[in-house]
Amino acid sequence: MSKRNSWGLLILLLLVVNEWAPAQKAKSAKAKSGAKSVAQTKATTVAAANSKAVVTSEQVAAMTDEVMKQVSEIRGLQLLHPVKSGAKSRAEIEAMVVKSFNEEMTPEEIRAEAKTMEAFGLIPKGFKYREFIIKLLTEQIAGFYDPKIKEFHLADWNALEMQKPVMAHELTHVLQDQHFNLLRFDKWPKADGDRETAIHALIEGDALAVMIDYLMRPMGQSLTKIPAAALTQITTMMSSADMPELKAAPNVIRESLIFPYSYGLIFTAELVKDQQWQGVSAAYEKLPQSTEQILHYAKYKNNELPVKITLADAVAAFGAGWKTTNKDTHGEFGYYLTLAEFLDKEEARKAADGWGGDQYALYENAAKTAATLVHLSAWDSDVDAQEFFHAYSTRTAKRYPQSKVNSSAGKIVYGTPEGETLIELRAKNVLVIEGATAGKAEGAAAKLWESGIGKE
Ligand SMILES: [Zn+2]
């Protein structure tokens, strides 16, 4: 959905790639030798319960030099300044994750974000969002590069040799930072979540692509030789990986956390095939502008920009004391997730395709006991808008099977246990108001149709 988090799911990816790479090796060995079966190497669970230190900072520093040499070669970027590195205990790494999380979002932002996901019907009511994310991230962390202090740290509880791929990934972040300045993405403007997610996908996709290339090298392979179908297979494995915390996560959280890695990887691979690694470097100047561009490389290449939507302030329509507590952009990926929560994935993908731009806002009363969600979207054509209008209506009917329906041409109002939901289509635009107090939706809609809709 919106907020990125710089502490990735690297361990998960490492497991997936570790599982995947030996399988590829086995495949080629099988083809060469004609052997009947080749045992697959079982992935090692890196996030082991045993947290005893087995690695020293000196060892990490020595291996940093070795791995950096190869990463620099693959990526075609020179190390400009030596990087500080060291081994950290699980407790130290966990403390850093929590600190970073707290720096990125205030408690009120976290509350409003959770409330928004609740209003979209994507997480259960009362879901402990902050606690869950922290648990999820600390469970899987293995190493990180912090652009604020320019230091690289690796888990001290895993054998060093098996952490080389993690190092290759993190050291790519070092090169990115030295050449393209990662800090400029750290405090991204509010309400620009879709673009922020897209940039995050470039950063993580780039680092994951280098990590895969690094893993493939000893087999005489490289990223560009991996068929597109195999890359898709890696991304599918990511969202079904056998990680208990991740499996227990609501779809929206799991898929949002994986997106920068999975689709970022596919995007980077296309960029490398098309324009070599120089193209990836150039992308830090010509930044991806939306998750739509990450999902469809051609739209990045052809510079298809999002339509800028600026919601009119409808707060007066909801009553005294009401306030806007959250505002952001959903993007094609956000709409895909929202639709897929209640519809078939393929249907959701098709309906979200054709996205042009959007903005959503959450309004809450003074006591924060009532909330209304509003989103206005623009679509590439009237047909795309109609498709989305129908898909969102079907979604709403599935979400509230008992709802009373009142429809006229291009407008449907559902009476639901959580208030009124209004869905209205006008040419290329669709307006949705969800959870409004009875009688408030129509007045708010009249105001919201005055919103700014135009190219950036
Ligand atoms: Zn990363």
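Predicted model: local features only at pLDDT ≥ 70, side-chain atom pairs only at ≥ 80, totals over all residues.
**Stop one: helix H14.** Select residues 345–352 and colour Ala 348, Ala 351 and Ala 352, the buried residues of this helix. They span an arc of only 95 degrees around the axis, so they sit on the same side of H14. Before you leave, click on Gly 354, which follows H14 and has a positive phi, near 100 degrees.

**Stop two: the largest nonpolar core.** This core has 118 residues, and Val 374, Val 430, Ile 433 and Ala 444 touch the most other members. Colour domain 1 (7–301) and domain 2 (307–455) separately; both give residues to the core, so it lies between them. Then zoom in on Ala 444. Setting aside neighbours within four places in sequence, its contacts are Ala 314, Ala 317, Phe 318, Ile 433 and Ala 436.

**Stop three: a sheet.** Show the open sheet of 3 strands, ordered E1-E3-E2 with mixed pairing. Strands E1 (84–88) and E2 (143–146) are at the edges with a single partner strand each, so one side of each has no neighbour in the sheet. On average, neighbouring strands here are turned by 20 degrees against each other, direction ignored. Next, pick E2 and E3 (residues 151–155), which pair in the antiparallel sense over 4 bridges. Look for Tyr 145 standing opposite Phe 152 in E3. Finally, select helix H2 (residues 57–75): this helix packs on the sheet, touching E1 and E3, and its direction makes about 135 degrees with that of E1.

Definitions and conventions
Residues numbered from 1 in each chain as written. Core = buried A, V, L, I, M, F, W, Y, C linked by C-beta atoms within 7 Å. Buried ≥ 20, exposed ≤ 12 C-beta atoms within 10 Å, placed from the backbone. Domains from an automatic or database assignment. Contact = placed C-beta atoms within 7 Å. Pairing = 2+ DSSP bridges. Helix = DSSP H or I, 4+ residues; strand = E, 2+ residues; numbered from the N terminus. Axes fitted to C-alpha atoms, helices over the stretch in contact; angles between N-to-C directions. Arc of directions from axis to C-beta.
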